[in-house]
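Student: Could you walk me through this model? I'd like to begin with the strands and then move on to the helices.

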Amino acid sequence: METTISPPRPVPLQPVVLHVNGSDHPLLLEPRRTLLDALRDDLGLTGTKKVCDMGNCGACTVLVDGRAMYSCLLLAVDCAERRVTTIEGLGGPALDPIQEAFVAADAYQCGFCTPGQIMSLRALLDAHPDPSDAQIARAVTGNLCRCGAYRNILRAGRLAAEIEADRRAQQGGQDGNAPGR
Ligand code: FES
Ligand code: FES
């Protein structure tokens with residue numbers, strides 16, 4: 001007896017507004033689309049890397065409501081109403097202190113894991129401005145580096161905390177010198 005295989009039925013698209021790097025992005029997405037694919041393919045934010053696509057490597061790390069998370073393990077439709085920050089959302093006119101520290105500490109080789117490492121450290125420094133070395137190591141424990149740049153990545157984490165503290169001190173000094181204070 002012959003069996004017939006019916007073609008897959010189209011999945012209805014779902015409207016969703018993603019709040020990424022401070023802007024709202026209305027999208028129509030399949031409910032199964034990952035946040036990683038939505039960021040890269042629908043929003044063109046390719047700084048977030050796709051490597052294992054199954055929660056093993058950390059290359060896809062972004063901040064969701066301030067917490068470092070693997071975007072390949074999140075459904076985009078579940079991220080509506082949440083604050084998503086990608087590597088493109090860091091820094092401004094100047095590099096983010098962590099980006100600056102990665103350059104200064106030579107903390108990358110191929111650079112493929114770098115955005116994820118930086119996002120994990122960003123979450124750490126936001127929560128713990130003066131982290132211990134153990135906290136820095138723990139923060140990047142879910143980010144694999146195939147080039148083995150770990151030693152300099154840890155150095156960059158420490159340096160980033162120092163750069164950020166310096167910037168805060170400078171900012172405080174400038175605010176204190178502001179007219180009328
Ligand atoms: S691509 Fe998400 S953890 Fe590897
Ligand atoms: S710098 Fe190449 S994977 Fe980390």
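**The sheet and what packs on it**

Tutor: Val17 stands opposite Pro26 in S2, where two strands count as paired if DSSP finds at least two bridges between them. The model is a predicted one, in which local features need pLDDT of at least 70 and side-chain atom pairs count only at pLDDT 80 or more, while totals for chains, interfaces and linings use all residues. Residues are numbered from 1 along each chain as its sequence is written, and chains are lettered from A and ligands numbered from 1 in the order in which they are written.

Student: In what sense do S1 and S2 pair, and over how many bridges?

Tutor: Strand S1, residues 14–20, pairs with S2 in the antiparallel sense, over seven bridges. Strands (E, at least two residues) and helices (H or I, at least four) are DSSP runs, numbered from the N terminus.

Student: And what is the order of the strands in the sheet?

Tutor: The sheet is open, has five strands with mixed pairing, and runs in the order S2-S1-S5-S3-S4. Its edge strands, each pairing on one side only, are S2 (23–29) and S4 (67–70), and the twist from one strand to the next averages 40 degrees. Angles run from 0 to 180 degrees between N-to-C directions, and axes are lines fitted to C-alpha atoms, for helices over the stretch in contact.

Student: Switching to helices, how do H2 and H3 pack?

Tutor: Helix H2 (residues 97–104) and helix H3 (residues 114–127) pack at an angle of about 130 degrees, with their axes 9 Å apart. They are therefore oblique to each other, given that angles under 35 degrees count as roughly parallel, over 145 as roughly antiparallel, 65 to 115 as roughly perpendicular and the rest as oblique.

Student: Which residues meet there?

Tutor: From H2, Ile98, Gln99 and Phe102 meet Thr114, Ile118, Leu121, Arg122 and Leu125 of H3, a contact being C-beta atoms, placed from the backbone, that lie within 7 Å.

Student: One more, is Leu45 buried or exposed?

Tutor: Leu45, which lies in the loop between helix H1 (35–42) and S3, counts as buried because it has 21 C-beta neighbours inside 10 Å; buried requires 20 or more other C-beta atoms within 10 Å, exposed 12 or fewer, and partly exposed lies in between.

Student: What does Leu45 touch?

Tutor: Not counting residues up to four places away in sequence, Leu45 touches Val20, Leu39, Arg40, Thr86 and Glu88.

Conventions. Two residues are in contact if their C-beta atoms, placed from the backbone, lie within 7 Å.
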